[in-house]
Amino acid sequence: MITTQKRPFFLNLLVIRLPVAGVMSIGHRISGVAMVATLPYFVYLLALSVAGPAGFEAAAQLVSGWLFKAFLFLFLWALMHHFLAGIRYLMLDIDIGIEKPVYRQTAWAVLVAAPVLALILLGALS
Amino acid sequence: MSRQASGFRAWVYQRITAVLLLLFFVYLLSTLSFAPPADFVAWVEWLSQPLVRIGLLIFVGALLLHSWVGVRDAIIDYVHPLGLRITALTLLALWLIGTGLWVLTILG
């Protein structure tokens, strides 16, 4: 007699055991969408900063506040993740780093290096 | 746009704009890190240099195209009901066009 064994089927990201390259890949998407969401805010800062000396001062005041610094860290993290993951994808396009241990190592490198670079940049921009 | 930016062409656009954005961000972040504008006059002077202005406009164009292709792909992957998908894509288009027009009124 044939019995069908019930096997789990789920695509719930909280349950699935996602490989590290998958985590990095989702990070690439989340960071991209998040940065697109913040675009008008940067245009607002640009508009304010060129509106006149008072506007420039107001913008300078805004970007020196701790709330903006916290936002900027998250933004730079997203940007650095998107950069590094993007460079990794461009390398994969030309067949660099597609072998098994290497593509996992580079995925780890992206995940770890992005927040570190973001912190360094935050310090440089402050 | 969806015909022009579909499939292989979108894939190519995404990579060309990626390289442009990478180069421009390196320039922008290093300028703002090592030589931040001291005051309003210096800032406006920097922004009104023809090369900086043309570079900024190309950068914004590349950024908006890159954003459209990328977020469009994410919407198509995750938003399945047709009405919702069209709404999301429309909102995205308005978001990006609005941002682009705003930049043009400042730098144009």
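Predicted model: local features only at pLDDT ≥ 70, side-chain atom pairs only at ≥ 80, totals over all residues.
Helix 4 of chain A contributes A:Leu121, A:Ala124 and A:Leu125 to the contact, and helix 1 of chain B contributes B:Leu29, B:Leu32 and B:Ser33. By class, five of these residues are nonpolar and one is polar, with no charged residues.

## Nonpolar cores

The largest nonpolar core has 47 residues, and those with the most contacts inside it include A:Leu76, A:Met80, B:Phe59 and B:Leu96. Elements of both chains give two or more residues to this core, among them helix 3 (66-93) of chain A and helix 2 (40-47) of chain B, while the largest share, 11 residues, comes from helix 3 of chain B.

Leaving aside neighbours within four places in sequence, A:Met80 is in contact with A:Ala114, A:Leu117, A:Ala118, A:Leu121 and B:Leu29. A second, separate core of six residues includes A:Val20, A:Ala21, A:Ala85 and A:Val110.

## Aromatic pairs

The structure holds 17 aromatic pairs over all chains. One of them, formed by A:Tyr41 and A:Phe42, is edge-to-face, with 6.3 Å centre to centre and 65° between the planes; A:Tyr41 is partly exposed at 29% relative accessibility, and A:Phe42 is partly exposed at 27%.

A:Phe56 and B:Phe40 also form an edge-to-face pair, at 6.4 Å centre to centre and 70° between the planes. Because A:Phe56 lies in helix 2 (residues 53-64) of chain A and B:Phe40 in helix 2 of chain B, this pair joins two chains. A:Phe56 is buried, with a relative accessible area of 10%, and B:Phe40 counts as buried at 19%.

Notes:
Residues numbered from 1 in each chain as written. Chains lettered and ligands numbered in written order. Heavy atoms only, no water. Core = buried A, V, L, I, M, F, W, Y, C linked by side-chain atoms within 4.5 Å. Buried < 20%, exposed > 50% of the residue type's maximum accessible area, 1.4 Å probe, protein only. Helix = DSSP H or I, 4+ residues; strand = E, 2+ residues; numbered from the N terminus. Contact = heavy atoms within 4.5 Å. Nonpolar A, V, L, I, M, F, W, Y, C, P; charged D, E, K, R; others polar. Phe/Tyr/Trp six-rings, centres within 6.5 Å; stacked < 30°, edge-to-face > 60°.
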